[in-house]
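Colleague: I want to learn how to read pockets and ligand shells. Please take me through them.

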Amino acid sequence: MKQLSFKNISHSYADMPSVKDISFTIQAGEVVSLLGPSGCGKSTMLRLAAGLERPQKGKIIQDDTVISSPDFALDPSLRGVGLVFQNYALFPHLTVLENVCYGLKGKKKDNVALAEEVMADFDILPLAENYPSELSGGQQQRVALARAVCPAPDLVLLDEPFSGLDTRLRERIRDRLLHVLREKNIAALMVTHDAEEAMFMSDKIVVLEKGQVAQIGTPLEVYRSPQSSFVATFFGEANQFSSAVSQGVITSVLGPIDASQFADGTKVEVVIRNENLTVYDTKHDHCSPTPFTIMETHLLGSNTLVHLSDKKDDSGHHFHAKIPGLNFFEVGATVYLSAAQSDIFLFESSNG
Ligand code: ADP
Ligand code: MG
């Protein structure tokens, strides 16, 4: 497979549209994520990619061959893809080792060696002789991953493949999976609702909002240059307010914000991620003219969430800042805020 292209794909369940006019391409060896909140159509796209559903409009083209269209879908078993779906169906009557060896075509001895290597990558080698019913959900999920990648298919389809794993294990397994995908040159289409996971794994992220593409780009592009407040806020908690542009400037409690790309009177949504707000205990030139009061602090481990207000009580403008490391600000202290212009995202308000 050189590439797999989704062209203007639309699909409905009965009369309920699930995905609308979605187009994107996966190149050989590339990891592409479908990212979005629950119900936005991610799993539907994966089922369409697998051939388990047919689109009502559009086509899926592998190299030069149409493999899905409204009146045709190539059988899933003939597509040469590895599947890991939310209900990771392992073969219950086969051991873990037999499950992982299932799609392999070589000599038995070679197959076992190959399977054992991949099982070691996913920390399931000690479970080789167990049956699926003897495993936890997270262990079954790792067996399903090993089974999907072991035959080195051109493409694997992964639906929330780490959902059953706790945080620490999840980080380890996704790291190992990425190595295996690169090593065997396997392309992946992965569904996730976790922005950090999508950024870690992907060459390209397709952000979905209510069944439609909100933005497609590299992790850097979607994180640094979001095209809507939906995309901007999906990659982390953010401060938001709206304001009208006057002579190319938005006047805010954080100071004037350059908005010269908008016409006078345009209502604009301002989005500043928590991590892009810097807190100073003394006033610098680039700081807010208004002093802020520390209302609360919450230690989150590697960083601290600070709640701020421009009034001494809760009546003022409320902001959240995420600062690295331990917090050394005291509740009630007076501070000043600053955000770089490039970290302030401005979007024309959709409701005018
Ligand atoms: P996601 O994976 O992003 O959570 P899905 O693709 O599962 O979203 O679902 C998209 C939309 O289609 C949702 O509104 C969901 O309720 C609906 N849907 C999903 N599967 C079915 C189905 N089998 N029958 C009817 N509606 C469905
Ligand atoms: Mg889903």
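Modeller: Start with the term pocket. The search runs on a 1 Å grid over the protein atoms alone; a pocket is an open set of points where a 1.4 Å probe fits, with protein on both sides within 12 Å along at least five of seven lines, and lining residues have an atom within 4 Å of a point. This is a predicted model: local features need pLDDT of at least 70, side-chain atom pairs count only at pLDDT 80 or more, and totals for chains, interfaces and linings use all residues. Residues are numbered from 1 along each chain as written, chains are lettered from A and ligands numbered from 1 in written order, and side-chain values use heavy atoms, without hydrogens and water.

Colleague: Which residues line the second largest pocket?

Modeller: Phe 235, Gly 236, Glu 237, Asn 274, Glu 275, Leu 300, Asn 303, Leu 305, His 320, Lys 322, Ile 323 and Pro 324. Strands S18 (303-309) and S19 (318-324) each give two or more residues to this lining. Strands are DSSP E runs of at least two residues, helices are H or I runs of at least four, and both are numbered from the N terminus. S19 gives the most, with four residues.

Colleague: How much space lies in the second largest pocket?

Modeller: A volume is the space filled by probe spheres set on the grid points, which are joined across faces, edges and corners. Here that comes to about 260 Å³.

Colleague: And what lies nearest the centre of the largest pocket?

Modeller: Val 81, Gly 82, Leu 83, Tyr 102 and Arg 147, out of 21 lining residues. Strand S7 (81-84) and helix H4 (137-149) each give two or more. The largest share, four residues, comes from S7. The space is about 680 Å³.

Colleague: How does the lining of the largest pocket divide by class?

Modeller: Ala, Val, Leu, Ile, Met, Phe, Trp, Tyr, Cys and Pro count as nonpolar; Asp, Glu, Lys and Arg as charged; the others, Gly among them, as polar. The lining has 13 nonpolar, five polar and three charged residues.

Colleague: Now the ligand. Which residues surround ligand 1?

Modeller: A residue counts as near if one of its heavy atoms lies within 4 Å. The shell holds Tyr 13, Ser 18, Pro 37, Ser 38, Gly 39, Cys 40, Gly 41, Lys 42, Ser 43 and Thr 44. Helix H1 (residues 42-50) gives the most, with three residues.

Colleague: Which atoms of Thr 44 and ligand 1 pair up?

Modeller: Look for polar contacts, pairs of N or O atoms within 3.5 Å. A side-chain N or O atom of Thr 44 is 2.5 Å from a ligand oxygen. For Ser 43, also through its side chain, the distance is 2.9 Å. Gly 39 uses a backbone N or O atom, at 2.7 Å.

Conventions
A polar contact is a pair of N or O atoms within 3.5 Å; within protein, one must be able to donate a hydrogen and the other to accept it, and residues adjacent in sequence count only if both atoms are side-chain atoms.
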